[in-house]
Amino acid sequence: MFVHVAFTEAKRGTCYSGGELSKVSIVNATWRAGRPIELKQTFLKTVAEMWARETRTDVKDVLVAITELPAENAFEFGQILPNPSQDKEWLTQHGSAKGPA
């Protein structure tokens, strides 16, 4: 799995939950649809635990969410990306230095 990471910092006092100031860290992931539920849940838990550890935050204050999009709606490396199940063939055809996310 190839990953791009971007950090967006929210100014203190601009995030609320239930009408109260929120201290929750939010991690959003966007990837191509078609991965097994077990992989998704492992990813969610791993990222939440890693974020909590690295930021010294309680894991209960971390929200991780995945947005899935059809592969045909993603363009990268000069190509429309394949479904995740077709990654091996895609990498064989286009090279492994860069590949689908």
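Colleague: What should I know about the model before we start?
Modeller: This is a predicted model, in which local features need pLDDT of at least 70 and side-chain atom pairs count only at pLDDT 80 or more, while totals for chains, interfaces and linings use all residues. Residues are numbered from 1 along each chain as its sequence is written, and side-chain values use heavy atoms, with hydrogens and water left out.

Colleague: How many salt bridges are there?
Modeller: There are five salt bridges, a salt bridge being a side-chain nitrogen of Lys or Arg within 4 Å of a carboxyl oxygen of Asp or Glu. One of them joins the side chains of D87 and R32, at 2.9 Å from N to O.

Colleague: Where do D87 and R32 lie in the chain?
Modeller: D87 belongs to helix α2 (residues 87-94) and R32 to strand β3 (residues 25-32), so this pair links distant parts of the chain, 55 residues apart. Helices (H or I, at least four residues) and strands (E, at least two) are DSSP runs, numbered from the N terminus.

Colleague: Are D87 and R32 buried or exposed?
Modeller: D87 is buried at 18% relative accessibility, and R32 is buried at 2%. Buried means under 20% relative accessible area, exposed over 50%, and partly exposed in between, with a 1.4 Å probe and protein chains only.

Colleague: Which residue does E68 meet in a salt bridge?
Modeller: The side chain of E68 meets that of K40, at 3.2 Å from N to O. E68 is in strand β4 (residues 62-69) and K40 is in helix α1 (residues 37-55), so the pair ties together parts 28 residues apart in sequence. E68 is partly exposed at 34%, whereas K40 is buried at 18%.

Colleague: And what separates K45 and E49?
Modeller: K45 and E49 are four residues apart in helix α1, and therefore about one helical turn separates them. Their side chains form a salt bridge at 4.0 Å, N to O.

Colleague: Changing topic, how do β3 and β4 run?
Modeller: β3 and β4 run parallel and are joined by eight bridges; two strands pair if DSSP finds at least two bridges between them. The chain goes from β3 through α1 to β4 in a right-handed β-α-β crossover. Right-handed here means that, with the strands pointing away from the viewer, the path from the first strand over the helix to the second runs clockwise.

Colleague: How many aromatic pairs are there?
Modeller: There are three aromatic pairs. Rings of Phe, Tyr and Trp (its six-membered ring) pair if their centres lie within 6.5 Å; planes under 30 degrees apart count as stacked, over 60 as edge-to-face and the rest as tilted.

Colleague: Why is the F7 and W51 pair called stacked?
Modeller: The ring planes of F7 and W51 are at 25 degrees, with centres 6.1 Å apart, so the pair is stacked. F7 is in the segment before β1 and W51 is in helix α1, so the pair ties together parts 44 residues apart in sequence. F7 is exposed at 68% relative accessibility.

Colleague: Which surface patch includes F7?
Modeller: F7 forms a nonpolar surface patch with V3 and V5, with about 370 Å² of accessible area together. Patches are made of residues with over 30% relative accessible area and no salt bridge, joining like charges within 9 Å and nonpolar side chains (Val, Leu, Ile, Met, Phe, Trp, Tyr) within 5 Å. Accessible areas come from the Shrake-Rupley method with a 1.4 Å probe; for residues, only the protein chains shown count as cover.
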